[in-house]
Amino acid sequence: MIPVIYRVISIVAYIILAPLLGGLLDGLDRKISARMQGRVGPPLLQPFYDFGKLMKKQFLAASRLQILMIVSYLFFICLTGVLFFGGFDILLCVFSLTTAVMFLILAATVTHSPFSSQGTHREMMQMMSYEPMVLLTAVGFYLATGSFSISDIIRQNVSAIALMPGFFFGFLFILTIKFRKSPFDLSTSHHAHQEVVKGVTTEMVGVEYAITILTEWYENIFLLGMVALFFINSNPWSILVAIVAVFIVFFIEILVDNTSARVKWEMMLKLSWGVTLICGGLNLFILEIIKR
């Protein structure tokens, strides 16, 4: 059992540092993407400059309910990270993450904008694509370590990836959807190539859009924390290995984003479920045999 003081420190560190790290990673993403495209790119701190400008804009809302939904989206993403970095149940993290996305969908739906509606439909298709793998990954951690508790998972003698390579590859695949990168940036995108304006975030402006960006920074740190969870064990040196793995995964996601064309939602669904069934299902079958 992790001492309460360590849980509190981890939670406070996540709440304070996640936006800073998320913004820096966003800036690094833009910089690396620009270099891959033969451009200089914006400054590393450009995401923070953009965030500051959005916060200074006049507060406007397409619907009075929208701001409530967006704040709820932020709350549940933060709750997801708090549960994760506090060492609690990984299943609760998955359920909280799903609830957060539902509030994002509701925030887009209440505006009755045709562009937002189109983005909402695509967001729901993305949920159908990645949710099975996310849930299956949580089950995989339980079968590999004997516990859903994150505090128990990180105290294992062997890193979970030794028993979960299929789950790791499957999670890495759906991570592209969660990061909203090509070829799966169907509902919205961080870059200016979204053909339905900004999809699910079309009607979010000023402070509302700033909150959405802040929420995405929190979410990205949580998702990268999930990647690290595959590598961390009772050996303190495993933390260094996990950090290296996180940066490699982050670079791979940027590389895929800059070398892939967007696919249709049918292809996304087929690929995601195919990877889930093959990688996750096969790994699950092997774990069942090993643990008997």
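**View 1. Cysteine C93 in a predicted model.** At 0% relative accessibility, C93 counts as buried, a term for residues under 20% relative accessible area with a 1.4 Å probe and protein chains only. The closest cysteine sulfur to that of C93 belongs to C78 and is 13 Å away, too far for a bond. The structure holds 0 disulfides (a disulfide is a pair of cysteine sulfur atoms within 2.5 Å). This is a predicted model, in which local features need pLDDT of at least 70, side-chain atom pairs count only at pLDDT 80 or more, and totals for chains, interfaces and linings use all residues. Residues are numbered from 1 along each chain as its sequence is written, and side-chain values use heavy atoms, with hydrogens and water left out.

**View 2. The largest nonpolar core.** This core has 78 residues; such a core is a set of buried Ala, Val, Leu, Ile, Met, Phe, Trp, Tyr and Cys residues joined through side-chain atoms within 4.5 Å. Its largest share, 15 residues, comes from helix 8 (residues 206–229), helices being DSSP runs of H or I, at least four residues, numbered from the N terminus.

**View 3. Surroundings of V227.** V227 is among the residues with the most contacts inside the largest core, a contact meaning heavy atoms within 4.5 Å. Not counting residues up to four places away in sequence, V227 touches F168, F171, L175, V246 and V249.

Key. Buried < 20%, exposed > 50% of the residue type's maximum accessible area, 1.4 Å probe, protein only. Helix = DSSP H or I, 4+ residues; strand = E, 2+ residues; numbered from the N terminus.
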